[in-house]
Amino acid sequence: MATGVRPVSASIKFSGIEKGFVRQNSGRVEQVLHGFELEIEDGELVALVGPSGVGKTTLLHIAAGLQRPDSGRIDTGPGGASARVGMVFQQPRLLDWRTVRANVDLVSKAAGRGTARTVGLLTQVGLRDYLDAYPLALSGGQRQRVAIARAFSIEPEILLLDEPFSALDELTARRLRILMQDMWLEAPPTGLLVTHNMLEAAFLADKIVVLGGKPAHTIATIAIDLPRPRDPENLELFAVHRRIMGLLSH
Ligand SMILES: Nc1ncnc2c1ncn2[C@@H]1O[C@H](COP(=O)(O)OP(=O)(O)OP(=O)(O)O)[C@@H](O)[C@H]1O
């Protein structure tokens with residue numbers, strides 16, 4: 001687990017989660033999650049990996065409160081009842097008619113954190129010279145940097161990451177993973193990362209939960225005990241990648 005300080009503790013606990021969707025062509029319910037259990041401890045970052053359609057994003061949406069389980073519980077505590085939840089999605093989802101600075105200010109103000117940290121955060125993500133630029137004038141990587149600054153601007157106790165780097169070229173993605181690691185270490189939130197990239201999961205996470213099947217079940221839970229900050233070239237990350245690919249190739 002990472003070191004650092006954070007004012008409020010938070011954990012994420014999925015208990016007995018059931019979730020099904022009605023298939024449009026047949027009208028039958030496809031059960032995606034059945035009795036799903038997972039606990040993410042305070043300050044821990046868990047990565048969910050598994051085949052397309054297994055239910056990773058559904059779990060993240062349930063954690064975010066964007067979807068409700070059919071039954072079961074999602075608890076964020078202790079202290080989690082009032083936890084601030086930050087999110088970074090695959091697409092940056094910025095307001096194109098607001099400047100970079102205003103995009104961050106709006107969210108941090110809405111979360112009651114004020115705007116004093118905005119310039120510092122945007123400087124930290126390498127956008128000091130773009131405070132007054134509009135998102136459409138930025139590259140995809142720069143926009144995602146704004147999204148990362150915005151997520152950290154609320155001083156999140158919980159941070160949910162939905163394939164945050166998958167729309168970027170690999171070099172940019174790597175830089176942003178390192179940036180994410182640095183920012184995470186300053187005051188580690190409790191986190192859930194959904195990704196298709198096993199190296200990314202191994203680089204960022206404390207624990208990787210490998211999902212498979214329908215309804216989804218946990219095939220393996222892999223603890224990543226490497227000290228931080230981690231090096232993306234660490235050979236142990238590649239060993240984890242191979243292990244997961246082996247598990248999912250059967
Ligand atoms: N709103 C919805 N309506 C109907 N079916 C849905 C809905 N959301 C998800 N599903 C179905 O639930 C299953 C799990 O979807 P989910 O997006 O959680 O998978 P995933 O593991 O995140 O996939 P991917 O890696 O491709 O993003 C899929 O079969 C999907 O079609």
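Let me start with two helices: the axes of helix 4 and helix 5 (residues 170-186) come within 11 Å of each other and cross at roughly 15°. Helices here are DSSP runs of H or I with at least four residues, strands are runs of E with at least two, and both are numbered from the N terminus. The axes are lines fitted to C-alpha atoms, for helices over the stretch in contact, and angles run from 0 to 180 degrees between N-to-C directions. Helix 4 and helix 5 are therefore roughly parallel, on a scale where under 35 degrees is roughly parallel, over 145 roughly antiparallel, 65 to 115 roughly perpendicular and the rest oblique.

Helix 4 passes helix 5 in a right-handed crossing. Right-handed is when the near helix is turned clockwise from the far one by less than a right angle, and left-handed when anticlockwise. Gly141, Gln144, Arg145, Ile148 and Phe152 of helix 4 make the contact with Thr172, Leu176, Leu179, Met180 and Met183 of helix 5; contact is C-beta atoms, placed from the backbone, within 7 Å. By class, that contact has six nonpolar, three polar and one charged residues. Nonpolar covers Ala, Val, Leu, Ile, Met, Phe, Trp, Tyr, Cys and Pro, charged covers Asp, Glu, Lys and Arg, and the others, Gly among them, are polar.

This is a predicted model, so local features need pLDDT of at least 70, side-chain atom pairs count only at pLDDT 80 or more, and totals for chains, interfaces and linings use all residues. Residues are numbered from 1 along each chain as its sequence is written.

Helix 4 (residues 140-153) also packs with helix 2 (residues 100-110), at an angle of about 25° and with the axes 8 Å apart. That makes helix 2 roughly parallel to helix 4. Their crossing is right-handed. From helix 2 come Val100, Asn103, Val104, Val107 and Ser108, and from helix 4 Val146, Ala149, Arg150 and Ser153. This contact divides into five nonpolar, three polar and one charged.

Now the ligand. Which residues are around the ligand? They are Phe21, Val32, Ser52, Gly53, Val54, Gly55, Lys56, Thr57 and Thr58, each with its C-beta atom, placed from the backbone, within 6 Å of the ligand. Helix 1 (residues 56-64) gives the largest share of this shell, three residues. The shell has three nonpolar, five polar and one charged residues.

Some backbone details next. Most residues other than glycine have a negative phi, and most peptide bonds are trans. Lys214 and Pro215 are joined by a cis peptide bond, with omega about -5°. Pro215 is in the loop between strand 8 (207-212) and strand 9 (217-223). The bond from Arg228 to Pro229 is also cis, omega near 0°, and Pro229 sits in the loop between strand 9 and helix 7 (235-248). Arg93 has a positive phi, near 55°, in the loop between strand 5 (85-88) and helix 2.

Last, confidence. The protein averages a pLDDT of 93, and 96% of the residues score at least 70; pLDDT is the predictor's confidence in each residue, from 0 to 100. For the complex, the predictor gives an ipTM of 0.97 and a pTM of 0.94. Over residues 1-5 pLDDT stays under 50. Where pLDDT is low, the predicted coordinates should not be read in detail.

Terms used
Contact = placed C-beta atoms within 7 Å.
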